[in-house]
Amino acid sequence: MKLLLTSGGIKNKSIHDALVDMLDKPIAESSALCIPTAIYAIPGGARNAWKFLNGQSGAPMCELGWKSMGVLELTALPSLDKELWVPMVKETDVLLVDGGDPLYLSYWMRQSGLAELLPSLDSVYVGLSAGSMVMAPNIGEFFVNWTPPSGGDETLNLVDFAMFPHLEHEMLPYNTMANAEKWAAGMQGPAYAMDDQTAIKVIDGEVEVVSEGQWKLFAP
């Protein structure tokens, strides 16, 4: 599995080029599945899911010109036979995973069986905000809103670092570098603060920052 973990989607040429390089073919020849699940756990989620799927969210993901697209709603999957969706996921070139609440997304990735499937996929996984954060070991108390039945802030632990997205975003006044430093001080491993012009590329465990903006690595 190849990961492109973004804060604000495919926002610039550098991130776009990284995506095409990971796909190994043009976007126009690639199939995509969009996963909006995380967005339902925040206010206005249903409207924001529609914007994500229709390319109106301001975070470019679904509107890039994919050859084919589908919607994978994780909350529906536990009630379905795996034969109805697992082959489709395995055949798809890229998973586009929306932002929202990372713990809600983590919970439904596990409940649906997608979390177990992810490491075996040849697909490119493209995360947006919470869709990226969910790959970390945990998210930190700063980002806890929806609480899973088990409690805690643990996520999927598919990478060994955590992420603080939307750094210095004009609509998120608490996402400052100072607050990112406080957040990072409470994390156990490496932690990245990243703005919406930044993404983290992970292939076979190798980590590379792709950025035309601001980011910082906090080492433990």
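Is Thr 37 buried or exposed in this predicted model, and what is its relative accessibility? Thr 37 counts as buried because its relative accessibility is 0%, where buried means under 20% relative accessible area, exposed over 50% and partly exposed in between, with a 1.4 Å probe and protein chains only. The model is predicted, so local features need pLDDT of at least 70 and side-chain atom pairs count only at pLDDT 80 or more, while totals for chains, interfaces and linings use all residues. Residues are numbered from 1 along each chain as its sequence is written, and side-chain values use heavy atoms, with hydrogens and water left out.

**View 1. The surroundings of Thr 37.** Thr 37 sits in the loop that links strand 2 (31-35) with helix 2 (45-53); helices (H or I, at least four residues) and strands (E, at least two) are DSSP runs numbered from the N terminus. Apart from neighbours within four places in sequence, Thr 37 has contacts (heavy atoms within 4.5 Å) with Leu 72, Glu 73, Leu 74, Thr 75, Tyr 104, Leu 105 and Trp 108. Between the C-alpha atoms of Thr 37 and Trp 108, which are 71 residues apart along the chain, the separation is 8.0 Å.

**View 2. Strand 4 beside strand 5.** Strand 4 (residues 94-97) and strand 5 (residues 124-128) run parallel and are joined by four bridges, and Val 97 has Gly 127 in strand 5 as its bridge partner.

Conventions
Two strands pair if DSSP finds at least two bridges between them.
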